[in-house]
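Here are my notes on the packing and the charged pairs. Please read them with the model open.

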Amino acid sequence: SSVLQAMFFECLYGLDNKPKYFSANCSCAVLLDHVAERAQREVKEALERRKVASQKAVSALLRTHAAQEHARKRLQDANRPGSSASTAEKASAEEQQEKEAQIQKISQLMDALQEEQRQHEEVKQQVDEHIQLLSSIAKVVLALEDSTVLPLEERPSRKAAEWIPLRSTVQVMGYPKPAPTEDDPDPPVASEPVSMLFTLAEVERSELVTELLGELSKTKGGATRTPR
């Protein structure tokens, strides 16, 4: 709102790239502590929610894939010459071609389901990497959009508004500290900050999967859903 914009400045961090409002009417030390606590907590929660959503999506995709695999096997068995359940010898060439087309479509659909599952697994891996980076951040700073760090910690007792103009936009960045190793049990904090604006790969759903889920939703009254 216009009132918020007049009294606060905007901070960018997280997954949605939407500004969060903070007041600069406090000391630099208080502001940095507040931003660090809130940003790290909110970003971690958002990443964990995204991972849970992808886990649920993978489970649903696996169930759908198993059902399609069963349907394909049934068609293949029924269409196999010499099988006791087969009608292939009696079926017309047109009927056999129709069954083969159905088998091919199911195979393509199974490939599409596996591809969407792969994309979700990629997102989960990205989330884990982002959480690991987030947990390694030892110091949080505010920076201009060109990544120039504002010198708030140099004047911890001074009012933050001296450095941050009202209605301005800044980004939250952090200095990570590498994990200790045998050779370096206490590594120094990184000299360059990293952005706390995180991105995740987009999961693209094929038309085949969209069509199948639409049919299942109509058949079962919307009970079968595969979240993205």
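1. Contact here means heavy atoms within 4.5 Å. The model is predicted. By that cut-off, and leaving out residues up to four places away in sequence, Phe 9 touches a list of residues including Lys 20, Tyr 21, Phe 22, Leu 31, Leu 142, Ile 164 and Val 170.

2. Phe 9 belongs to the largest nonpolar core, which has 30 residues. Leu 31, Leu 142, Ile 164, Val 172 and Met 196 join Phe 9 as the members that touch the most others. At least two core residues come from each of β1 (9-12), α2 (28-78), α3 (93-136), β3 (137-143) and β4 (169-176). Helix α2 gives the largest share, 8 residues.

3. There is also a second, separate core of 7 residues. Leu 109, Ala 112, Leu 113 and Leu 213 are among them.

4. The salt bridge count is 13. Two of these pairs sit in α2. Glu 37 pairs with Arg 41 at 2.9 Å, N to O, and Arg 38 with Glu 42 at 3.0 Å. Each pair spans 4 residues, about one turn of the helix. Glu 37 is partly exposed at 43%, and Arg 41 likewise at 37%. Arg 38 is buried at 19%; Glu 42 is partly exposed at 24%.

5. Is Lys 124 buried or exposed? Lys 124 counts as buried because its relative accessibility is 16%, under the 20% limit. This lysine lies in helix α3. Lys 124 touches Lys 51, Ser 54 and Gln 55, not counting residues up to four places away in sequence. Its side chain also meets that of Glu 121 in a salt bridge of 3.3 Å, N to O. Glu 121 is partly exposed at 31%.

6. Finally, a network of salt bridges links Glu 115, Arg 118 and Glu 122.

Notes
Residues are numbered from 1 along each chain as its sequence is written. This is a predicted model: local features need pLDDT of at least 70, side-chain atom pairs count only at pLDDT 80 or more; totals for chains, interfaces and linings use all residues. Side-chain values use heavy atoms; hydrogens and water are left out. A nonpolar core is a set of buried Ala, Val, Leu, Ile, Met, Phe, Trp, Tyr and Cys residues joined through side-chain atoms within 4.5 Å. Buried means under 20% relative accessible area, exposed over 50%, partly exposed in between (1.4 Å probe, protein chains only). A salt bridge is a side-chain nitrogen of Lys or Arg within 4 Å of a carboxyl oxygen of Asp or Glu.
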